[in-house]
Amino acid sequence: MTDCIFCKIAAKEIPAEVVLETDRALAFRDTNPQAPTHVLVIPKAHHADAAALAQADAGLADEVLKTAHAVAVGDDVAGAGYRIVFNTGPAAGQTVFHVHAHVLGGRELTWPPG
Ligand code: AMP
C-alpha cells in the first residue's frame with residue numbers, strides 16, 4: 001500500500017527502532033510510548049486490522065503473536081506480565097490502518113484500560 005506508514009517501515013523506507021524481525025513480521029518501538037516497553041508488531045504484508053489479519057495467510061496471525069511474546073521476553077517483561085492490544089477500528093482508537101499489536105509492559109497496567 002503506497003500511503004501506509006507501516007508498509008514504509010516494513011520496506012525500510014522510513015526509519016524505526018526495530019527490535020525483532022522475522023520473515024513475515026517486524027517489531028519496532030512506538031514513537032509515543034505509553035509504558036517502558038511499548039513495541040508495535042506488524043505483519044510485513046498489509047492487512048488493515050485484526051479481523052483482516054485473522055483471514056490472512058495461514059500462520060500469519062500466529063507469527064505476529066509469537067513475535068509479540070518474543071518481544072516481551074527480549075525486554076524482560078514476560079515474567080512480570082505484559083499486555084497485547086489490537087485496537088480495531090476508530091472507536092477503539094485505531095489510527096494506523098495496518099494491523100499492529102501493541103506490546104506494553106514494564107509498569108503496572110490498569111484494567112479496565114479506559
Ligand atoms: P493505534 O492508535 O492503535 O492505531 O496505534 C498507532 C500507534 O502507532 C501509536 O501508538 C503511534 O504512537 C504509533 N506510531 C505512529 N507512527 C509511528 C512511527 N513512525 N514509528 C513508530 N510508531 C508510530
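1. The buried residues of helix α3 pack against β1, β2, β3, α2 (50–54), β4 and β5, where contact means heavy atoms within 4.5 Å. These buried residues are Leu 60, Glu 63, Val 64, Thr 67, Ala 68, Val 71 and Ala 72; buried means under 20% relative accessible area, exposed over 50%, and partly exposed in between, with a 1.4 Å probe and protein chains only. Helices (H or I, at least four residues) and strands (E, at least two) are DSSP runs, numbered from the N terminus.

2. Please keep in mind that this is a predicted model, in which local features need pLDDT of at least 70 and side-chain atom pairs count only at pLDDT 80 or more, while totals for chains, interfaces and linings use all residues. Residues are numbered from 1 along each chain as its sequence is written, and side-chain values use heavy atoms, with hydrogens and water left out.

3. Five strands make up an open sheet in the order β1-β2-β3-β5-β4, with antiparallel pairing, two strands being paired if DSSP finds at least two bridges between them. The edge strands, β1 (18–21) and β4 (82–85), each pair on one side only. Within the sheet, β2 (residues 25–29) and β3 (residues 37–43) are joined in the antiparallel sense over five bridges, and Arg 29 stands opposite Val 39 in β3.

4. Helix α3 (residues 60–74) packs on this sheet, and its direction makes about 160° with that of β3; axes are lines fitted to C-alpha atoms, for helices over the stretch in contact, and angles run from 0 to 180 degrees between N-to-C directions. The 15 residues of α3 should span 21 Å at 1.5 Å a residue, which agrees with the 21 Å between its end C-alpha atoms, because the expected span is 1.5 Å times one less than the number of residues. Just after α3, Asp 76 takes a positive phi of about 60°.

5. The whole structure holds seven salt bridges, each a side-chain nitrogen of Lys or Arg within 4 Å of a carboxyl oxygen of Asp or Glu. Lys 12, Glu 21 and Lys 44 are linked in a network of such bridges: Glu 21 meets Lys 12 at 3.1 Å, N to O, and Lys 44 at 2.8 Å between the closest N and O atoms.

6. Arg 24 forms a salt bridge with Asp 57, with the closest N and O atoms 3.9 Å apart. Arg 24 lies in the loop between β1 and β2 and Asp 57 in the loop between α2 and α3, so the pair ties together parts that are 33 residues apart in sequence.
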